[in-house]
Each structure stands twice: as structure tokens, then as C-alpha cells.
Amino acid sequence: MSDTQGLVDSLLENIRDAAVVATPDGRVVRISKAFEVVTGHVGSGQSLSAVVLGEHFMREAMAPDAGGQWQGAARCGDGRDRNFEVTVSAIDGADGQPRHYLGLVRPVTATPAADGAPVVGDGGRFGYDTLTGLPNRDLFIDRVGQIVLRANRTGGSVALMMMGLDRFTLVNDALGHAAGDRLLVEVARRLRTCVRETDTAVRLDGDRFALVLAIADVDDSVTVAEKVLSSVKEPFNLDGQEVVVTFSIGISVLPVDADSGANLVKHAEHALHYAKTSGRNQYQFFSKDMNRKARSRLELETRLRRALVNEEFVVFYQPKVSADRDAIVGAEALIRWMDPERGMISPADFIPVAEESGQIEPIGSWVLWKSCQQNKLWQDAGLAPIKVSVNVSARQFHSRTLLDKVVEVLGQTGLDPKWLELEITESMLMNDVDGAVRKMKALRDLGIGLSIDDFGTGYSSLSYLGRFPITTLKIDRAFIADVDTNAKTAEIARAIIGLSRGLNLEVVAEGAEVAAHINFLRDNGCDTVQGFYYSRPVAADEFEKMMRQSVMVRT
């Protein structure tokens, strides 16, 4: 390699301008490292995707009528289209004829200037950061102002996350600034995967980034912060060197912490400083109350993941009793969590966290397996067969593996499908009625029962009800609580019972707590009753004792 060639290579590797060198026919022979960075087509050496994009730029700008300039949109490495401006200059040889052409590429913001022309440039003045392609500080301030204005107008909430890489200077010192730049580009790419299209990820300066989010609840910001921490701490490969970095994140929330964009930014900065000084690789809220809530939620999620592995869950069973005979005819399986340190944790506390974190699927599968296994054990012990109902979460129901999982569990436990019933809430069926009907028919073809749980509290539609291949309709406890004192509620309960009988469905009333409830349900033709009048949910051995009695005894 000649000294001249080595000098060119070194310049293209280290200059901050996005540059392309091409032959007179538009064939790219060299691209700068900054070009890969700006376009997001980062690879090793001459990235093929970057070369292809460079040839597109050069051919457009070198066209006879282009005058050495071109402006337009191009697909970047993250899959998004962005606008660029290309300016081409000739590099003459010794004979005075162009031997190569140099193209300089700059991002163009979508915001026009006063004269209607797009504003272009290099970083801090042009809306977008040329290194990462993310919005820069100027656009950040604008986005914060807009989202705060919208939130104040509609009563919404906004979360602002200020983020800084921990010990980024060590990467620069050890591997050089070019490697540091490539790290920042990859961090920006990962940030984009953590947010929605409607959110804004920003590079402020140096190793500092920000996220601007419209949120419904503080837990939304917790979820995103945890996702960011998890994404960034995965190793980066820089020139064959594996590098691990972490983020510190400060979070402020409008309207809880601030009523203006300026205060939102200031408080998030304070929270970031606290995150840095109190250990790094973490997020901190400006509000101490929110910090406690976030830490509690994170701790619960961690404990929840451990609980399944350590077999801390148990299944309780609540009897379903024949209204006419006071005899057990079925049971609902209900999960309970026996934490070794905290004792019994209410499902109301951990089920929402399990759903948000995605752990509800493995937990639900475990409950299904355990319930079928226990039911088969009761039958093998000579007890009269009963149908056990298992609740199915929305995530489980919409999973492609639900049918296979039910088949697998029935096969493993040897339980006859007719002794299993799945309880599904009506609200989870309404987004895609046709798809729900197909899945329910496939489940019914296995021979299991299907129950609509909490009927009357969701998106009830009588026209759809006739399409669902269900076997049971379950009246929500809200309609049972005052049937003995509220004439309107009583009439609604009678209507649901009559509807169920007309559709040839078993009707189950939950929440029966006093004798007056039982008398009303019995007098109005309700088949089955479930509630504290007979029994609270109990452990499997206690339920077995109840089953061995010929007549149900109230607890």
C-alpha cells in the first residue's frame, strides 16, 4: 500500500464527514466510517449495504442534469427512510481529467426553513445528530414542548428519561474515538428498538441520550426503563473487542413532578445525577414515592420469576355446588403464591405484574398442568369425577401454542378432556371475534368445556354470544351481591339465567355469600353456585375432604 493510499484510508476512517469516493461511472471505491455511521449501515470495513447506498447517492448526484448535487430520501440501516443531501466534487488526475469523484453526504431535517427550503447540516444546528441519526437537542426541546402542551390540554401524562452511559470515557481512552463513535451509533440503534414510533429517542451530546414518552401510568416508564437497561448491557463488538457498558437513567413525570417542559427536564437531570451517584446501571425517579413504587414492582417481578422455579405456587380449589342438591359438582382452580419471606401474596398483587412482564404464560401453563394432574389423582383415588375450571389469561388465549399446550397437558396427566373446563373472560374475545370463534371451536373439538367468565361486565353482545361454542355462562359476582335487596339487579340476574337456559348452557353464579343469595338462585333455576356461603378456596387436601362428604357442608 502506497503512502498516499494509506493517508486516504486513514482520512476516511477518522474524518467526521460522511464521504463517498467513486469512479466516473458512479462505482464506489471507498466510503468513510462516518458515512456508515450516518446512514446506519455499519458493518466491518466496506459494509456492502453502505456501498450500495453510496452508489445510489453518487449516481443520482452525478447525473447529467443534477449539477453535482442531489437531495432525497434513502432507507437507513434501522429500516427507516431519512432525507439526505449529496454534494459531489471531481478529483482530477495528472492529466487534468476527473479520475474520481468525492461525495459529501449530510442529513436533511424534515422541517423547512422560512423560505421553504430544507435545513441541512452537521449535528447541533439541524435537528438531527449526524453521528447517530437521532433527533438532537434542538429537536428534543421542541418535542418536549409539544408533548407537554398536548398532555396539559388532554389531561395526559409524560415521562422524560435522561440517560448517560456509565464510564464511556474508558472506551474512548482504550479503543479510540472512532470506536467510541461506533458504540454510540449502536446504542442509538438499540434505543430505537425500546420505544414506540410515537415516542422520541434523542442524542443530546457526548454519551447522553433522552427518551420522551406519552404514558398512561408510571408503570409504563418502568417497563421502558428496564427494557433500555437490559438492551444496553448486552455486549457490543467493537473491532473484535467485546465491550460491556451500562446506562444510568433519571426519570421525571408530568404532571406529578412538573407542570412545564423546563421543569420536567430539570427534574429528570436531578434524577439522573442521583442514579449516577447512587450506584449507576439503574433508573431513579425524581419523586421518592415513585422510586419506592418502581423498586417494589421490580422486586416483585424478580421474586415472581424465582417463584416458578422454586415451586412457591400452589393451586387452591373453590367448590362449585349444585343449587338443588348442595353437592359438589365442580371446582375452580385458583393460584396462590406462598412466598417464603412474605407469606401469602394476593393474586391481585402479582397477577397484573405477571401479565405485564409476560410471565403469565408459563405460570398459566403450570396451573393448567397442576389442576389436571390433581383432578386425575382424585379420580384415581375413587372420588366421583368432577369438572375443574382453569382460568386462561388474554396472553395465553391469543398465544399460538394454547391448543398444543392443552393437548400436551391432557396427554401427560391422562385426564379425560370432558373433566376440564377453560374459563375465558368475554372482553378478550371481542377484538377478533372470528379468530376467537375458530380457536374456541378447536378447543371444543378436544372435548373440553368452555366458560365465559364475568358475564355482563365486559363487552357483552348477544349477537356474538350465539356464535361462541361455549358450554357454561358464569354470572359475575357484581350481579349476585345484592339480588336479595335490589330489584333491578335481581331482574338482570333472572335474565342471564333465562338466557343461559335458552341457549342450553350451564349457568354458574359466583359470589354467593348468604342464604338469601342461594334461595334466590335456586328459585330462579340457576344450576350451580360458587361462593363463600359454601367455602372459600382451599388447598387440595382440604378440598378432597369436602368431596368425600355426600352433601356439602357450609364452612
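Predicted model: local features only at pLDDT ≥ 70, side-chain atom pairs only at ≥ 80, totals over all residues.
Let's start with strand 12 (residues 247-254) and strand 13, which pair in the parallel sense over four bridges. Strands here are DSSP runs of E with at least two residues, helices are runs of H or I with at least four, and both are numbered from the N terminus. Two strands count as paired if DSSP finds at least two bridges between them.

Residues are numbered from 1 along each chain as its sequence is written, and side-chain values use heavy atoms, with hydrogens and water left out.

Now, which sheet do these strands belong to? Five strands make up an open sheet, ordered 8-9-7-12-13, with mixed pairing. At its edges are strand 8 (200-205) and strand 13 (282-285), each pairing on one side only.

Helix 8 (residues 261-277) lies across strands 7, 9, 12 and 13 of that list, and runs at about 145° to strand 12. For such angles, axes are lines fitted to C-alpha atoms, for helices over the stretch in contact, and the angle between N-to-C directions runs from 0 to 180 degrees.

Back in strand 13 we find glutamine 282. Is glutamine 282 buried or exposed? Glutamine 282 counts as buried because its relative accessibility is 17%; the cut-offs are under 20% for buried, over 50% for exposed and partly exposed in between, with a 1.4 Å probe and protein chains only. Among the residues glutamine 282 touches are Leu229, Phe247 and Ala275, where contact means heavy atoms within 4.5 Å.

Let's move to the cores. A nonpolar core is a set of buried Ala, Val, Leu, Ile, Met, Phe, Trp, Tyr and Cys residues joined through side-chain atoms within 4.5 Å. The largest one has 77 residues, and Leu420, Leu422 and Leu429 have the most contacts inside it. Helix 11 (residues 360-380) gives the largest share of this core, six residues. Leucine 422 touches residues including Leu368, Val390 and Leu450.

Last stop, helix 17 (residues 515-523): its buried residues are His517, Ile518, Phe520 and Leu521. These sit on the same side of helix 17, because they cover an arc of only 165° around the axis, taken from the directions from the helix axis to the C-beta atoms. They pack against helix 16 (487-502), strand 21 (506-510) and strand 22 (528-530).

Note on methods
Lists of a residue's contacts leave out its neighbours within four places in sequence.
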